[in-house]
Amino acid sequence: VRGKGLLIGIELVTNQTTKEPARQLAKRIIVKCLRKGLMLGTSWDWNTLILMPPLILDDATMEEALNILETVLKKVSRTSD
């Protein structure tokens, strides 16, 4: 995870040692988040999820977005075991 201000990148890998990209996982997360109302970006190589909230983000919207992301991440982590 890396970021600058509100711009945050979450790099997804299949193996932490080799740093092999988890492109299919990123695509699944993007689709599931979008279906729940959260639009995320990705890097050009589908390796990093990109969160780009507006600067006028309020607490309620931030909580909703984080809840969606948390729910999706938990769901995909259970199905990838």
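Predicted model: local features only at pLDDT ≥ 70, side-chain atom pairs only at ≥ 80, totals over all residues.
A strand, in the sense used here, is a DSSP run of E with at least two residues, and strands are numbered from the N terminus. Ile8 is found in one of them, strand β2.

Start with the big picture. The C-alpha trace stretches over about 40 × 25 × 20 Å along its principal axes. Burial comes to 26% of the 81 residues. As for how the chain folds back on itself, take the contacts between residues at least 6 apart in sequence: 51% of these join residues at least 24 apart.

Now for the inside. The largest nonpolar core is made of 15 residues, and Leu12, Ile29, Cys33, Leu40, Leu49 and Leu69 are the ones with the most contacts inside it. At least two residues of this core come from each of α1 (23-35), β6 (48-51) and α2 (59-79). Once its neighbours within four places in sequence are set aside, Leu49 is in contact with Ile8, Gly9, Ile10, Leu12, Ala26, Ile29, Ile30, Gly41 and Thr42. Two of the residues in that list, Leu12 and Ile29, are also named among those with the most contacts inside the core.

Strand β6 is also the place of Thr48. Is Thr48 buried or exposed? Its relative accessibility is 8%, under the 20% cut-off, so Thr48 counts as buried. Not counting residues up to four places away in sequence, Thr48 touches Arg2, Gly9, Ile10, Glu11, Gly41, Thr42 and Ser43.

At 32% relative accessibility, Ile8 counts as partly exposed. Leaving out neighbours within four places in sequence, the contacts of Ile8 are Val1, Arg2, Gly3, Leu49, Ile50 and Leu51. Ile8 and Thr79 sit 71 residues apart in sequence, and their C-alpha atoms are 25 Å apart in space. Compare that with another pair: Ser77 and Leu25 are 52 residues apart along the chain, with their C-alpha atoms separated by 9.3 Å. Ser77 belongs to helix α2, and its relative accessible area of 37% makes it partly exposed.

The largest pocket has a volume of about 460 Å³. Its lining has 22 residues, and those closest to the centre are Leu38, Leu51, Pro53, Leu57 and Ala65. Two or more lining residues come from each of β2 (7-11), β6 and α2. Which element gives the most to this lining? That would be α2, with 7 residues. Sorted by class, the lining has 18 nonpolar, 3 polar and 1 charged residues.

One of the residues closest to the pocket's centre is Leu57. Leu57 lies in the loop between β6 and α2. Its relative accessibility is 28%, so Leu57 counts as partly exposed. Leu57 is 11 residues from Trp46 in sequence, and the C-alpha atoms of the two are 26 Å apart in space.

Trp46 sits in the loop between β5 (41-42) and β6, and at 32% relative accessibility it counts as partly exposed. Lys19 has a positive phi too, near 60°, and it is likewise a residue other than glycine. Where is Lys19 placed? Its place is in the loop between β3 (13-15) and β4 (20-21). Exposed means over 50% relative accessible area, so Lys19, at 51%, counts as exposed.

Note on methods. Residues numbered from 1 in each chain as written. Heavy atoms only, no water. Core = buried A, V, L, I, M, F, W, Y, C linked by side-chain atoms within 4.5 Å. Buried < 20%, exposed > 50% of the residue type's maximum accessible area, 1.4 Å probe, protein only. Helix = DSSP H or I, 4+ residues; strand = E, 2+ residues; numbered from the N terminus. Contact = heavy atoms within 4.5 Å. 1 Å grid on protein atoms, 1.4 Å probe; cavity = no way out; pocket = protein on both sides within 12 Å on 5 of 7 lines; lining within 4 Å. Points joined across faces, edges and corners; volume = space filled by probe spheres on them. Nonpolar A, V, L, I, M, F, W, Y, C, P; charged D, E, K, R; others polar.
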